[in-house]
Amino acid sequence: MINVQNISFKYKGQKALVFDGFSLQLEENRIYGLLGKNGTGKSTLLYLLSGLLRPISGLVYCDNVAVYKRTPELLSNLFLVTEEFEMPAICLSEYVKLYKPFYPNFSDEVLQSCLADFELPADVHLGELSMGQRKKAYIAFAMATNTRYLLMDEPTNGLDIPSKSQFRKVIAQHMTEDRTVVISTHQVHDVEQMLDHILMLDRHSVLMNASMQDIQDQYTFEYRTPQQMDDSVLYAEPTLQGNAVICRRQEGDAETQVNLELLFNYKTQAK
Amino acid sequence: MNTFNYNRFSQALKCHFLVERKTWIRLFGIYTLVMFMANLFFTRVADSGYSHWAEKYPSELFHHYSRIVEQTAVFGIIFFCFAMLFTASGMFSQMKDTRKRSAYLLWPVSNVEKYVVSVLISVVMMLFLTISAYILADTLRVLVDWLTGRIIVWGFTMPVMGRDGDHSWGVYQDWHGVWMVLVWAFYVHSLYIVGGTLFRRQQFLFTSGTIVVVGILLIMLLNQIDWNSIHFDFITGTWDEKTQTYTTIYHPSFYIINSAMMLLVACHYWASYKLFTRMQVINNKWLNV
């Protein structure tokens with residue numbers, strides 16, 4: 001479990017706090033979607049969760065160990081897929097051979113399966129790949145490490161259209177009960193089907209922290225004509241199919257698919 | 001918490017070495033080329049009198065050419081010192097941008113192991129690489145000499161054996177001298193190790209600049225002291241008329257100061273390590289704090 005305890009953080013040379021008295025708890029066996037406007041601190045939060053940044057007050061614990069210590073035991077159980085990442089220009093097979101000893105739960109089967117899903121050969125040279133292909137190789141390696149905590153910052157950026165569904169397949173296939181996945185993204189449509197918990201960040205704090213089931217229990221997402229608009233509508237946006245609306249779910253209403261983009265706009269604009 | 005695991009450390013060292021191998025090869029090539037060109041400059045351009053000596057004083061030719069080749073050895077030592085300081089200040093060059101920094105900091109290796117790997121690569125590996133490049137450059141110079149009919153005089157043995165293989169470079173004649181030179185060399189090197197960890201960019205320039213500024217300030221401060229009223233002996237010497245020999249006397253202050261310097265070297269390494277453990281993925285613009 002990752003426990004963020006009352007942290008405050010600001011970057012050196014900046015006056016404004018990114019987080020002020022921020023607390024959060026991330027449970028196992030969940031895929032968290034981390035959403036927020038630009039500059040609300042999504043990447044900063046991932047850096048704080050992985051120990052790459054140190055809060056000015058408060059602490060972040062991962063399995064009761066303060067993450068700023070960056071102990072090898074902690075790091076071998078935590079993988080951060082950064083938006084821009086570093087992979088040396090060597091063969092993927094050599095990269096795997098060199099780095100897999102650092103991850104005790106590394107699985108060659110998972111790697112082969114992910115590479116196959118991403119349509120990448122196992123003996124590819126990383127220096128000869130496009131940015132998107134390198135990202136797929138990087139995600140495949142991250143999945144194969146089988147770390148208990150997998151943090152991803154904009155993982156679908158740079159991936160082509162088929163790769164985005166391949167990505168969803170890879171995550172869904174290799175999600176295990178003791179694993180916690182946090183995906184920070186602006187591309188909500190790429191990931192909304194697989195998320196089971198939403199964290200929405202606002203300046204300094206959490207704007208929304210709810211499971212997908214809770215969201216589905218509370219709201220309905222549908223399209224309405226202008227004539228169908230009534231007081232039950234909490235938020236609406238005009239689209240080509242009519243008005244996309246969020247309504248308070250009433251007893252007897254059918255469960256609907258969550259429209260994360262609409263929910264995000266509702267939450268951020270209603271505030 | 002396991003801070004040092006031999007298997008993990010050796011894997012990390014192997015990993016770091018192999019991933020960066022292209023950089024080592026490139027650096028080795030550059031160093032060899034620079035020293036080879038310098039060798040050619042000293043033996044072919046700066047000294048144009050080889051044929052004159054070969055023609056007029058053939059018996060003196062070896063001695064004359066040895067003196068010329070000695071200049072290449074001196075250049076090699078100066079180059080070696082700069083190379084070592086430069087790589088010491090670039091000890092964490094594998095963390096120069098956010099991507100590399102996050103990859104290195106999240107590597108599941110303890111801070112001690114990461115630090116020792118960086119020190120070994122930037123000190124021992126670069127020592128080996130620079131000396132190898134120096135020997136290769138000298139070998140290439142000897143090859144050119146042989147192809148053009150010149151006598152064979154090796155330069156790479158001179159820093160250890162002296163010009164005529166007689167340890168004629170005075171520093172080797174007394175272990176005190178060797179100790180003092182080594183202590184000062186390690187002291188200056190450790191300053192660049194601290195600078196390389198403290199400064200986020202242009203580490204060599206900023207460290208050199210800081211040393212110069214602090215040095216000037218220290219000299220100005222020391223000039224305020226009336227040294228005539230202080231009796232301070234470091235190294236003195238006596239000349240014996242009977243035996244016609246000069247004896248160097250090393251006073252206790254010599255041992256105290258050298259020992260204190262060694263302690264300072266250890267402190268610098270400790271400070272550098274502590275700075276490293278506190279490094280974050282996004283730091284101050286100029287300093288790694």
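How many of the six residues of strand 9 of chain A are buried? Five of the six are buried, and the strand is thus described as mostly covered; a residue is termed buried if 20 or more other C-beta atoms, placed from the backbone, lie within 10 Å of its own. The model is predicted: local features need pLDDT of at least 70, side-chain atom pairs count only at pLDDT 80 or more, and totals for chains, interfaces and linings use all residues. Residues are numbered from 1 along each chain as its sequence is written, while chains are lettered from A and ligands numbered from 1 in the order in which they are written.

Strands (E, at least two residues) and helices (H or I, at least four) are DSSP runs numbered from the N terminus, and two strands pair if DSSP finds at least two bridges between them. Strand 9 (residues 197-202) pairs with strand 3 (residues 30-36) of chain A in the parallel sense over five bridges. Within strand 9, A:His197 lies opposite A:Tyr32, and A:Leu201 lies opposite A:Gly36. Strands 9 and 10 of chain A run antiparallel and are joined by six bridges, with A:Asp202 opposite A:Ser205. These two strands form a hairpin with two residues between them, and A:His204 in the turn has a positive phi of about 70°.

In chain B, helix 4 (residues 61-89) packs against helix 8 at an angle of about 30°, with the axes 7 Å apart; axes are lines fitted to C-alpha atoms over the stretch in contact, and angles run from 0 to 180 degrees between N-to-C directions. Helix 4 of chain B is therefore roughly parallel to helix 8 of chain B, a term applied to angles under 35 degrees. Among the residues making the contact are B:Met84 and B:Leu85 of helix 4 and B:Tyr192 and B:Ile193 of helix 8; residues are in contact if their C-beta atoms, placed from the backbone, lie within 7 Å.

Helix 8 (175-198) and helix 6 (111-147) of chain B are also included in what covers the buried residues of helix 10 of chain B. In helix 10, B:Val265, B:His268, B:Ser272 and B:Phe276 are buried. The contact between the chains takes 24 residues from chain B and 26 residues from chain A.

Definitions and conventions: Two residues are in contact if their C-beta atoms, placed from the backbone, lie within 7 Å. A residue is buried if 20 or more other C-beta atoms lie within 10 Å of its own, exposed if 12 or fewer, and partly exposed in between; C-beta atoms are placed from the backbone. Angles under 35 degrees count as roughly parallel, over 145 as roughly antiparallel, 65 to 115 as roughly perpendicular and the rest as oblique.
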